[in-house]
Amino acid sequence: GLITGTVTAATGTYTVNLTVKDQQNLSATTSFVITVGSAPALTEVIRINAGGPAIQFGTQQWKADQYFTGGSVFS
């Protein structure tokens, strides 16, 4: 079966030792290293279609212009 769980830990590098025993009390052990890092700073991107309506171009969402005067519609 699959073993799942959640452990909360401070930023750092940890060695994890995992031992599994079967019904006959036979066991196997493995070790691995896990590095817990801090989340990167998020950057919010807002695209505004200057002089035009809200559009989607590929995977990019462009908001409708509300206050700009002049310029050209994106095409």
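Select N25 to begin: at 54% relative accessibility this residue counts as exposed (exposed means over 50% relative accessible area, buried under 20%, partly exposed in between, with a 1.4 Å probe and protein chains only). N25 lies in the loop between β1 (12–21) and β2 (27–36), where strands are DSSP runs of E with at least two residues, numbered from the N terminus. Colour by backbone torsion here, and N25 shows a positive phi of about 70 degrees although it is not a glycine. Most residues other than glycine have a negative phi.

The model is predicted, with local features requiring pLDDT of at least 70 and side-chain atom pairs counted only at pLDDT 80 or more, while totals for chains, interfaces and linings use all residues. Residues are numbered from 1 along each chain as its sequence is written, and side-chain values use heavy atoms, without hydrogens and water.

Next, select β3, β5 and β4, which form an open sheet in that order with mixed pairing; two strands pair if DSSP finds at least two bridges between them. β3 (47–49) and β4 (55–57) stand at the edges with a single partner strand each, so one side of each is left without a neighbour in the sheet. Zoom in on β3 and β5 (residues 60–64), which run parallel and are joined by 3 bridges; in β5, W62 is the bridge partner of R47.

Finally, show the whole chain, which has 0 helices and 5 strands. Of its 75 residues, 4% count as buried.

How values were computed
Helix = DSSP H or I, 4+ residues; strand = E, 2+ residues; numbered from the N terminus.
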